[in-house]
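Reader: Hi! I have a model open and would like to walk through it with you. Could you take a look with me?

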Amino acid sequence: MYNAAGQLNKDQLVQRFAPLVRRIACHLMARLPASVQLDDLVQNGMLGLLDALGRFEAGVGAQFEAYAAQRVRGAMLDGLRENDWLPRSLRRNCRRIEAAITQLEQASGRVPTESELADSLGMTLADYQETLQDVRGHQLVYIEDIVAERGEDFLERHFVDESADPARLVADDELRRQLVQAIGLLPERERLMMALYYEQDLNLREIGEVMGVSESRVCQLHSQAVLRLRSRLFGDGKRNTKANVERNG
């Protein structure tokens with residue numbers, strides 16, 4: 001990793017850590033709309049890697065890899081902010097699905113199937129699954145779910161300001177308890193997918209290989225699981241979580 005002059009060889013280092021950049025991009029894709037291109041994330045991530053190589057002075061071991069991952073992710077998010085990636089229709093479609101989930105759960109006392117949700121929304125199953133694909137990127141926790149709007153853009157609310165970071169909000173004891181309870185009520189395949197993504201840190205392609213489904217199908221399952229959880233945590237369905245837990249044993 002060093003040249004004849006004893007200096008770090010940045011070309012070799014870029015090749016060594018390029019897989020890290022792609023892995024971060026692939027893992028981030030599940031949380032972004034379908035309009036975001038993987039290659040764009042990778043390109044921005046490589047800029048972050050070069051920035052990390054220029055700033056880091058303590059060698060290129062595990063400590064550098066952690067530092068580089070942070071810079072790479074930050075560069076990807078900076079690129080997303082500049083491109084104004086969040087479609088205006090995203091939240092509207094998600095709210096429709098969340099409302100349908102809540103309505104069907106209240107009516108039947110159980111988790112609705114995809115077919116039932118599609119019927120409730122006046123869609124074919126194929127159209128509903130395509131909508132799930134399109135709304136990829138809907139977040140589990142938005143800052144307006146906890147506090148009033150303050151006018152910041154999406155990324156500043158959810159990725160930049162540490163006090164508004166979704167992970168920090170979920171760390172709240174009460175919200176975390178409700179989230180654990182809601183995850184327990186997800187259909188088995190969606191629970192497995194969430195565990196592989198958030199606990200095992202697998203990307204969509206890797207999860208698809210484990211579950212024996214396509215990457216696009218994993219994306220649909222992720223979107224649907226997030227919408228189910230939101231309907232329980234922040235919709236009218238949250239009042240029925242305890243009753244459904246008792247009913248379902």
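Reader: How are helix 11 and helix 12 oriented to each other?
Author: Helix 11 and helix 12 are roughly perpendicular to each other, a label for angles of 65 to 115 degrees. The axes of helix 11 (residues 204–211) and helix 12 (residues 215–233) cross at roughly 100° and come within 8 Å. Axes here are lines fitted to C-alpha atoms, for helices over the stretch in contact, with angles from 0 to 180 degrees between N-to-C directions. Helices are DSSP runs (H or I, at least four residues), numbered from the N terminus.

Reader: Before we go on, what should I know about the source?
Author: This is a predicted model, where local features need pLDDT of at least 70 and side-chain atom pairs count only at pLDDT 80 or more, while totals for chains, interfaces and linings use all residues. Residues are numbered from 1 along each chain as its sequence is written, and side-chain values use heavy atoms, with hydrogens and water left out.

Reader: Thanks! Which residues make the contact between helix 11 and helix 12?
Author: From helix 11 they are L204, R205, I207, G208 and M211, and from helix 12 they are E215, V218, C219 and L221. Contact means heavy atoms within 4.5 Å.

Reader: And what is that contact of helix 11 with helix 12 like by class?
Author: It has six nonpolar, two charged and one polar residue. In this scheme Ala, Val, Leu, Ile, Met, Phe, Trp, Tyr, Cys and Pro count as nonpolar, Asp, Glu, Lys and Arg as charged, and the others, Gly among them, as polar.

Reader: Is Q224 buried or exposed?
Author: Q224 counts as buried because its relative accessibility is 1%; buried means under 20% relative accessible area, exposed over 50%, and partly exposed in between (1.4 Å probe, protein chains only). Q224 sits in helix 12.

Reader: What does Q224 touch?
Author: Setting aside residues up to four places away in sequence, Q224 touches E114, L117, Y128, L132 and E190. The side chains of Q224 and E190 are joined by a polar contact of 2.8 Å. A polar contact is a pair of N or O atoms within 3.5 Å; within protein, one must be able to donate a hydrogen and the other to accept it, and residues adjacent in sequence count only if both atoms are side-chain atoms.

Reader: How about Q220, buried or exposed?
Author: Q220 is buried, at 11% relative accessible area. It is also part of helix 12, and Q220 touches Q129, L132 and Q133, leaving out residues up to four places away in sequence.

Reader: Switching topic, where is R110?
Author: R110 lies in the loop between helix 4 (89–108) and helix 5 (114–120). At 36% relative accessibility, R110 counts as partly exposed. A polar contact of 2.5 Å links the side chains of R110 and E116.

Reader: Now the inside: how many residues has the largest nonpolar core?
Author: The largest nonpolar core has 24 residues, and L41, L49, F64 and M76 have the most contacts inside it. Such a core is a set of buried Ala, Val, Leu, Ile, Met, Phe, Trp, Tyr and Cys residues joined through side-chain atoms within 4.5 Å.

Reader: Which helix supplies the largest share of this core?
Author: Helix 1 does, with eight residues.

Reader: And overall, how many helices and strands has the protein chain?
Author: The protein chain has 13 helices and zero strands, where strands would be DSSP runs (E, at least two). Of its 249 residues, 44% count as buried.

Technical notes:
Angles under 35 degrees count as roughly parallel, over 145 as roughly antiparallel, 65 to 115 as roughly perpendicular and the rest as oblique.
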